[in-house]
Amino acid sequence: MFNRTRCLQITAALASISLLAGCGLISDSSADQTKRIVVGTTSAPSTLDPAAAWDGSWELYRNVYQTLLAFPTGSTKPQPDAAQSCEFTDSANEAYRCTLRKGLKFSDGETLDSKAVKHSLDRIRKIGSKVGPKDLFGSLERIETPDPLTVVFQLKTPDATFPFVLGSPAASLVAPNEYPADKIRKDGKVTGSGPYVLDSYKDGVEAVLTNYGNYQGFAQNHNNGVTIRYYTDSKKMSADLKSKDIDAIYRGLSAPEIKDLQSPASHNAGVQVVDNVGAEIRYLVFNPSDPAVAKPAVRQAVAQVVDRGALVAKVYQGTAEPLYSMVPKGVVGHKTPFYDVFGQPDVDKAKKILQKADVKTPVDLTFWYTTDRYGSSTAPEFEELKRQLDASGLFRITLRNKPWKAYQEGYKNGEYPVFGRGWFPDFPDPDNFIAPFVGKENAVGTPYENPEILTDLLPKSRRESDRSAVTPEFERAQKIFADDVRLLPLWQGKLYVATRDDIAGGERALDPQTAMQMWELYRKTSW
């Protein structure tokens, strides 16, 4: 369901044929590993401490921290990483036991044992950061450590998705001596046990990674080191790839830039682009505690006016497609409830919705977006939304923005009436496109306590180990989302990795959580 790869086996085969013919180019992952690979992205970490990030910071975490379980390329079910094995020990899915690999060490030499696992996960809940992943551990009651290699997670309620949480960077394992139990580490360093060690870090500029020689886990590293370079200007990033200043790009390209890099001219200049099936989504969040959107009719009228097709065609030019549910295509249970409820964009229907609720028009609304998280297409996207809504005569939209760190604090504090967010899955299951958005405390900072979802649908689905059998519960949850219009899905995107033609492994580098697995990249060489 979450096949992230579009293999370049034909290219590899042709390279082998060329080699036999004496042309000389080979794609050997063991070759020329000494030259560091430089990767560009617009998604800089907001913090280096996993207890305080539920965002794109995970892209770095996947490479420097280890988790008990993980998702190797092509896998939709969590597989052992720091753990040797994990399993539910009861039929009710309320006790989950993991046995660790022997001899695990953090990069500072500290032992990675069951107590370190307990420390790593307990501190997430104890610190309770507003922008951290604590809500993903809502079903966890306590962690037991009967011996150094055994960890038992006792759950409050049945939760078949708990192994998926342990396979996400939310459950990154940290060295107890370096990470306080009750506060965030702020010295700009990382002490993990993942495939790489963080040699140096300049906030918003670059992260320099070198292979961790004592790593034990599923990843097989095909290079000796990677430098991740962080950009705020995707045009500059694209230009640097063309000029060979960087070797690869994995996040933040605009649609015109993707089209340009896919062109024959770019291909002839030594650039290749791999596209992957994506579960990345974009959506609007309405904060009902704000008087401007407190009435459901206002939210419903916005949903009735927005033209996703025009938005995608104008701004994303085929690199995305309209989305009519918070559960995207390719995920079990996906339906189109927003299309079923609202159909095609219709200003007259929206006008009637507002008149029936006695809402005076035009309605003044402020839409917020972040300037440095989702790429340079974000501003044009919101300009197009403003154009559509203003043109209806029913709304008068003001656009405002902030850099990600300030923006994140703002929406968590309930400061924005309407704001844009992106979602990259924590794990490949429909639960992860419903549960994070409901509850008193949730991923978007606006309490959404729908009793049917919280007390019936989610608990029922989490008792089911066979995740293909939970479709009815998530179909109903999607319908509730469409009726309430607390969230308005806009589009679902593809994932792109652009590289120089001497870099291989891009087709394998994105895991089911869309985090870049840097160890898959390697440099080709010639004889």
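The second largest cavity of this predicted model is lined by 18 residues. Trp-54, Asp-55, Gly-56, Trp-58 and Phe-424 lie nearest its centre. A cavity here is a set of points, on a 1 Å grid over the protein atoms alone, where a 1.4 Å probe fits but cannot get out; lining residues have an atom within 4 Å of a point. The volume of the second largest cavity is about 200 Å³, counted as the space filled by probe spheres set on the points, which are joined across faces, edges and corners. Helix 2 (58-64) and strand 17 (418-423) each give two or more residues to this lining. Strand 17 gives the most, with 3 residues. Helices (H or I, at least four residues) and strands (E, at least two) are DSSP runs, numbered from the N terminus.

The whole structure holds 7 cavities of 30 Å³ or more.

An open sheet of 4 strands runs in the order 5-6-8-7, with antiparallel pairing. Strands pair if DSSP finds at least two bridges between them. Strand 5 (83-88) and strand 7 (140-147) stand at the edges with a single partner strand each, so one side of each lacks a neighbour in the sheet. Strand 5 and strand 6 (residues 95-100) pair over 5 bridges.

Residues are numbered from 1 along each chain as its sequence is written. Local features need pLDDT of at least 70, side-chain atom pairs count only at pLDDT 80 or more, totals for chains, interfaces and linings use all residues, and side-chain values use heavy atoms, with hydrogens and water left out.

Definitions and conventions:
1 Å grid on protein atoms, 1.4 Å probe; cavity = no way out; pocket = protein on both sides within 12 Å on 5 of 7 lines; lining within 4 Å.
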